[in-house]
Every structure is written in C-alpha cells, then in structure tokens.
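Subject: Structure for your review

Dear colleague,

Please find below the sequence and the structure that I am handing over to you. My findings on its salt bridges follow.

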Amino acid sequence: MDNSGQRVIIGVDGSLGSLQALRRGVAEARDRHVSVWAVLAWTPPGGEGMNRRAPCPGLIHLWQEEAAERLQTAWNETFGGVPTDLEVHLLVVRGPAGAVLTQVAERDGDLLVLGSGRRGLLHRVFGHSVARYCVAQADCCVLTVPPSPFERQLQHGLTGKNLSIADFTS
C-alpha cells in the first residue's frame, strides 16, 4: 500500500479542528495510496513539572489509557471506526504536541495534516499554536486544515439567523 515509504501523519486531539484534519488526512492518504499515522500527543494534567515533583505511575497509566480512548473516539465520531480500506496506525505519545508531531513526521515524503486551530485575537496573543510550531519546525510538508463553517460559527457564537443545515453537512 505504501507509496515508497510516504505517509500521512494526522495530529488528533479530539477537537473539532482535529476531526476536520482527520477527514482531510484520510482523503489525502486515499488519493496518494499511502498509510495513515494518527498521532495523539498528551502530557500529564498540570504539566511535566508537577509529575516530576510527585510521580504516580498508576495515574500516568490512566492518563495514557484516556489519551488512547480519545484517539479511538475521534475515529468513531468521524468515520464510525477505523477504515478498513487503509493501513492505519494509531500512536499515542507522551510529550508536547508540536514536538511529538514533528518527530513522528520525520521523512521527506511525509505529509503532516493538522487543524489550523482557533483564530481569535486572544488565542493569537496568549495561545501556543501547534500548527505554527509544526509549520516552522517540520522537515516535511505540512497541511493545515481550516475550521469547518460550523466550527467558525461556534467560535463567533451561534445565532439562529446565520446558521443553516449546510453548516452541519460540510
């Protein structure tokens, strides 16, 4: 199935943007006849510093299981499960999302697919964009997928007059 070692790596965190990226990444993999690597990066609640001060292997195991469940849920919500017509690898990695994704997407022929994230002023000023980090650091091509019309509506607040059924079907 693989086209000379090429892969589509998709950053998944369960957000609406990552579900859009999952849809687009699977479409790209089908078009290119390559495998899909769906990657969910996770860190302990409170960050690595808190975990170093009071490590708890039992909690680490639970958080990793929760991350794996989140990745499976993303596939279930997007496609009703993992497609059988593709070679799909599910990867749950502990670490900051940008660093994890750029490490996994290490090959020249890889395509890294990500949701473009929130675009509000406060997020741009105070937020850390995984997509921006990956675009700047990745050694492969990076495709950022814009929010769906429905997600844009949610970001700006839903009102009955500007919401249509087309927003739910795109």
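Arg32 is partly exposed, at 35% relative accessibility (buried means under 20% relative accessible area, exposed over 50%, and partly exposed in between, with a 1.4 Å probe and protein chains only). This is a predicted model, in which local features need pLDDT of at least 70 and side-chain atom pairs count only at pLDDT 80 or more, while totals for chains, interfaces and linings use all residues. Residues are numbered from 1 along each chain as its sequence is written, and side-chain values use heavy atoms, leaving out hydrogens and water.

Arg32 forms a salt bridge with Glu28, with 3.1 Å between the closest N and O atoms; the term denotes a side-chain nitrogen of Lys or Arg within 4 Å of a carboxyl oxygen of Asp or Glu. The count by this rule is five salt bridges. Arg32 and Glu28 lie about one helical turn apart because they are four residues apart in helix α1 (helices are DSSP runs of H or I with at least four residues, strands are E runs of at least two, and both are numbered from the N terminus).

Glu28 also pairs with Arg24, again with closest N and O atoms 3.1 Å apart. Glu28 is buried at 13%, whereas Arg24 is partly exposed at 37%. Through shared partners, salt bridges join Arg24, Glu28 and Arg32 into one network.

A further salt bridge joins Arg30 and Asp85 at 2.8 Å, N to O. This pair links distant parts of the chain, 55 residues apart: Arg30 belongs to helix α1, and Asp85 to the loop between α3 (57–79) and β3 (88–94). Arg30 is partly exposed at 34%, as is Asp85 at 45%.

Yours sincerely
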